[in-house]
Amino acid sequence: MDSKEIREGFLEFFESKGHLRLKGSSLVPQDPTLLFTVAGMVPLKGYFLGEEAPPSARITSVQKCLRTNDIENVGVTKRHHTFFEMLGNFSIGDYFKEDAIRWALEFSTEFLRLPVAKLWVTIFKDDAEARDIWKKVGIPEERIVPLGEEDNFWTMGSMGPCGPCSEIYFDRGIKIPEEENELPGGNGERFLEFWNLVFTQFDRQSDGSLLPLPRKNIDTGMGLERITSIIEDSDTDFETDLFLPIIRDIEKLSTVYYHSDYSKDRYFKAIADHVRAIAFLISDGIVPSNEKRGYVLRRLIRRAELFGRNIGLNQPFLNNLAVSFADNFKDIYSELSLAKEDIKRVVIDEEKRFGSTLNSGFDFFKDILESPMNKGSREIPAESVFYLYDTLGFPLELSMMLIEEHGLLFDRVKFDKLLESQREKARRSIGVKDSFNERAVLANLKQEIGTSEFVGYNDLSCKAKIIAILKNGELVNESSSGEKVEIILDKTPFYPEKGGQMSDTGQIIGDSFEFSVFDTQIPIEGLIVHSGTVLKGTIKVGDECIAQVDVLRRSAIKRAHTSTHILQAVLRDVFGSDIHQQGSEVKPDEFRFDFNFTETISQNVLFTIEKKMNEILLESRSVSVKEMDLNEAKGSGALAFFEEKYGDKVRVVEVEGVSKELCGGTHISNTSQIGSVAITSFRTVASGVKRIEALSGEKAYNYFSKERESLGKIADELNVNEESITNKIKELLLEEKELQRRTREILLKLAEIKIESMSPVTLIGGVPLYSLELEEIGLDEMRKVFDIAKKHFDKGAVLLSSLMNGKTFSLVGRIDGNVSAIELFKKFSERFGFKGGGNDRIAQGSSDKRVPLETILKVIDG
């Protein structure tokens, strides 16, 4: 039985038990508090919290998950991974412990055919009910291990839903004497946990007491990688069919074989793990960047590249592995097949970029050594080593190797503290328990106090009452000056961040307090939360107040939001009705708009788009908002967008004669109120997705003013009027081109003079080698110099070198004799990072490093 059969068998088994099979969600969760989907229950949180009605009370799924908080252990241990698949069955107020336990054992023994004698379980020490059920289904008491709250009690925080859990372990047998008395839950290798059953049955109160939940839930998770290693009887997860095909592909590219040198096995494992994560992240629309999800992807690619260098993979290799993996898994995850070309392109681009980044790392290390602050010191600052590790992607071992080679030291303890701080940030970015706990508090609060009424479409100021105050996620009765808290009002004019529109800011003022609102969110449907600082006085639950939105800021946001609707309409007019919004962000007089488009867009076309938008503004078209039934809205031709959730009643925003869209945001009432729009950038953000960034209103006016000012300065410098700038620049470019041509002629003439007086600098196999160092000459001119040399010498070889624009260009040419130009080039090219090639007659290349000719000659002589 392989992983594919286990995966499908699990789903079919629970379908036979009345479960609805749900397709796994993206690695990018809907929950804005999470960076990635880190567990099978993440896409179902709304169902468990009662925020949404589930499609079925019984659900089963296989969920893609990604965690990087323990990334340093990947490849080192037998079972740490970044990407993994979680098999799960869930009950939302339906069946409970007995069915969950009985079905878990049934699947393990009857489908997976695991010997019941090899199965052990752990339970929470006070959960007598679970112990009795396990005994009832056939697990003897001596194989039921009670553990404490730290190991077998699941919580979401200090308050809220919680409950005991039970874990199923497989006994892999006694392999060393010390394992004879080992038990599940320990740190040994004998017992392998593969399935966790969580019984959510309590609601923990602020005093620590546990009240029974009126609706009990089941949440289980079985790691596919672990259960596959058990079924396939492999020592680690990496010898299973989930990883071994990737490792075999690595072997084909490397000079090292897996298990031929156990010290290098960790690199095979880490690369295999990272390739899976890389492919799935890109297929879910993530591209490398320096922040958030894009940063994680970039770090995974760079770690894998560096690990590859430890097993002889010195050229870009990841793109081939990622594409091969996508091919192997396309039948299971169709998104990999659809994104295969994107995966290859994104990885190749990042591999090329990392080549220069790696050089930056070595240069940074050199700068550390030469820094005046470190002169005479034998210690490298821990902060510098951490920068190499965290920002540039250097594995710690590489830095330690360089430090050791130079006979230096660094403060490992301080480095570990910096690393732990970064891990804590990663753990907070995962945020499952914290976000779940706060949402649970808010869900309970909503049941007690009802919902917040939003009046901000028509009113920007209103009387309100404070109905709740939260501090650090916990409910409090009051808050004093200087404290940062969250406030909930019975009604509010503040628009919460949603649909890409930034939230309102402003003030909430009472008789005895003043509160500054810097953010407004709607963490669960119906409750609007105002985050901010108490500027003076004390706020108490029940206080009356005036809620006042920052009017000028709201107006700027409205201008930008309506501009996105106009932009989409213009894009559909220019490129066709297949254009659809893929994402947006609306700020005060600033917006970005993502849309599906595979081609590039020229600057002239962008000017046309901008011109059409401004023409619509000048036409003073009315903007109206109507509320209607969803079906009626769609029937009227209003555009609705993917993955948006709409209620039965929706708002339709119509720009007269231009666009009609379903939208819950805020808008101006006439296009003339926008003033003007200015497109500032256009770029690709993912495969088939383009992004336009633009300004509106006051920011657009300021942008055009600065552009005009810059043109005026350029015109003054060129001593022409603004209309003549383009012609003047063309004239200057032609003059520069002619100067460059004359300069090259002079340099070639100087080179010919030098060649006439050249003598061989060394003999290569009895053949003379002539060398010449040139200045500011590229490879095209170097070939001309070589042609000149061939006229002056009868035999031998010529080595030419030139420094230009911070790079070193080199050419090796054979005139006559028993010498190979490409073999001579290879003698120094890899040593100094030259990229290029050739044949026996001529070879050439360039390096990003500055390499003097005498240095190259020393390597050739050596």
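1. The crossing of helix 1 and helix 3 is right-handed, a crossing being right-handed if the near helix is turned clockwise from the far one by less than a right angle, and left-handed if anticlockwise. In this predicted model, local features need pLDDT of at least 70 and side-chain atom pairs count only at pLDDT 80 or more, while totals for chains, interfaces and linings use all residues. Residues are numbered from 1 along each chain as its sequence is written, and side-chain values use heavy atoms, with hydrogens and water left out.

2. Helix 1 (residues 3–15) packs on helix 3 (residues 97–111) at an angle of about 135°, the axes being 11 Å apart. That makes helix 1 oblique to helix 3, oblique being what remains once angles under 35 degrees (roughly parallel), over 145 (roughly antiparallel) and 65 to 115 (roughly perpendicular) are set aside.

3. The axes of helix 8 (residues 265–283) and helix 9 (residues 292–309) come within 9 Å and cross at roughly 150°, which makes helix 8 roughly antiparallel to helix 9. This crossing of helix 8 and helix 9 is left-handed.

4. For confidence, the mean pLDDT (the predictor's confidence in each residue, from 0 to 100) of the chain is 88, and 93% of its residues reach 70 or more. Over residues 429–434, however, the pLDDT is below 50, although this stretch has 15 contacts in the model beyond near neighbours in sequence. Where pLDDT is low, the predicted coordinates should not be read in detail.

Conventions. Axes fitted to C-alpha atoms, helices over the stretch in contact; angles between N-to-C directions. Helix = DSSP H or I, 4+ residues; strand = E, 2+ residues; numbered from the N terminus. Contact = heavy atoms within 4.5 Å.
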